[in-house]
Amino acid sequence: MADKDMKQTLVQLARQAAQNAYVPYSRFKVGAAILGERGGIYTGCNVENASLGLTICAERNACTTMVAQGETRIAAVAIYGGGTAGEAAPCGACRQFMLEFADEKLQAPIYLAGADGSVAETSFRELCPYPFRSFTGEPG
Ligand code: THU
């Protein structure tokens with residue numbers, strides 16, 4: 001599939017996923033679609049909880065679904081939320097969480113899609129300029 005078609009597919013799937021968002025508290029629906037390097041696509045929406053801090057973001061839900069399906073490398077991401085593309089930017093926790101499974105060069109496209117039809121493109125490199133990726137160290 002051409003990159004442009006994949007972009008549209010991912011944005012469309014993220015938008016569909018947002019429809020299932022469980023957001024009785026914020027009313028802010030977010031959807032995410034992740035393309036794995038092996039070609040599978042995994043979606044997620046935000047799921048809130050009466051104990052507000054237990055809320056899980058759309059991006060992390062999509063990411064854990066990807067891993068549960070046996071895929072651990074991200075090739076592209078689309079996030080749909082709010083009114084404009086800028087409002088779909090992932091929170092810091094989701095940036096770090098997805099970074100764990102980012103492509104080696106941190107250049108995979110991350111599409112931020114707004115309800116107004118605008119789509120911005122960024123990357124892990126841009127979203128995480130000083131990445132904390134992996135560590136090796138002696139215990140203790
Ligand atoms: N939210 C996401 O789903 N992803 C983000 O990256 C930022 C925030 C959700 C959490 C909560 O349900 C709602 O947006 C408002 O913060």
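# Getting to know the helices and the sheet

Visitor: Is the crossing of α2 and α3 left-handed or right-handed?

Guide: Before we start, please note that this is a predicted model. A crossing takes its hand from the way the near helix is turned from the far one, and anticlockwise by less than a right angle is called left-handed. For α2 and α3, the crossing is left-handed.

Visitor: Are α2 and α3 roughly parallel or roughly antiparallel?

Guide: Two packed helices are described by the angle between their axes and the distance between the axes. Here α2 (residues 58-68) and α3 (residues 92-99) have axes 9 Å apart, and they pack at an angle of about 15°. Angles under 35 degrees count as roughly parallel. Therefore α2 and α3 are roughly parallel.

Visitor: How many nonpolar residues does the contact of α2 with α3 have?

Guide: From α2 come E59, R60, C63 and T64, and they meet A93, C94, F97 and M98 of α3. Sorted by class, this contact has one polar residue and two charged ones, while the number of nonpolar residues is five.

Visitor: Which helix is included in what covers the buried residues of α2?

Guide: The buried residues of α2 are A58, E59, N61, A62, C63 and M66. Their cover includes strands β1, β2 and β3, and the helix included is α3.

Visitor: Which residue just after α2 takes a positive phi?

Guide: Helix α2 covers residues 58-68, and the place to look is just after it. There, with a phi of about 95°, sits G70.

Visitor: How many bridges join β1 to β3?

Guide: Strand β1 (residues 30-36) runs antiparallel to β2, joined to it by five bridges, and A32 has G44 as its bridge partner there. On the β3 side, the bridge partner of L35 is A76. β1 and β3 also run antiparallel, and the number of bridges joining them is seven.

Visitor: In which sense do β3 and β4 pair?

Guide: V77 has I110 of β4 as its bridge partner, and Y80 has A113. The pairing of β3 and β4 extends over four bridges, and its sense is parallel.

Visitor: How many of the five residues of β4 are buried?

Guide: One face of β4 has P109, Y111 and A113, and the other has I110 and L112, with both faces covered. The strand is largely enclosed by the rest of the structure, because the number of buried residues is five of the five.

Visitor: And how many of the eight residues of β3 are buried?

Guide: β3 is paired with β4 and joined to β1. It is largely enclosed by the rest of the structure, because the buried residues number seven of the eight.

Visitor: Is L13 buried or partly exposed?

Guide: L13 is found in helix α1, and beyond its neighbours within four places in sequence it is in contact with A33, I41 and T43. Buried would call for under 20% relative accessible area. L13 has 24% relative accessibility, so it counts as partly exposed.

Visitor: How far apart in space are L13 and Y25?

Guide: In sequence, L13 and Y25 are twelve residues apart. From C-alpha to C-alpha in space, the distance is 24 Å.

Key
Residues numbered from 1 in each chain as written. Predicted model: local features only at pLDDT ≥ 70, side-chain atom pairs only at ≥ 80, totals over all residues. Heavy atoms only, no water. Pairing = 2+ DSSP bridges. Helix = DSSP H or I, 4+ residues; strand = E, 2+ residues; numbered from the N terminus. Axes fitted to C-alpha atoms, helices over the stretch in contact; angles between N-to-C directions. Parallel < 35°, antiparallel > 145°, perpendicular 65-115°, else oblique. Contact = heavy atoms within 4.5 Å. Nonpolar A, V, L, I, M, F, W, Y, C, P; charged D, E, K, R; others polar. Buried < 20%, exposed > 50% of the residue type's maximum accessible area, 1.4 Å probe, protein only.
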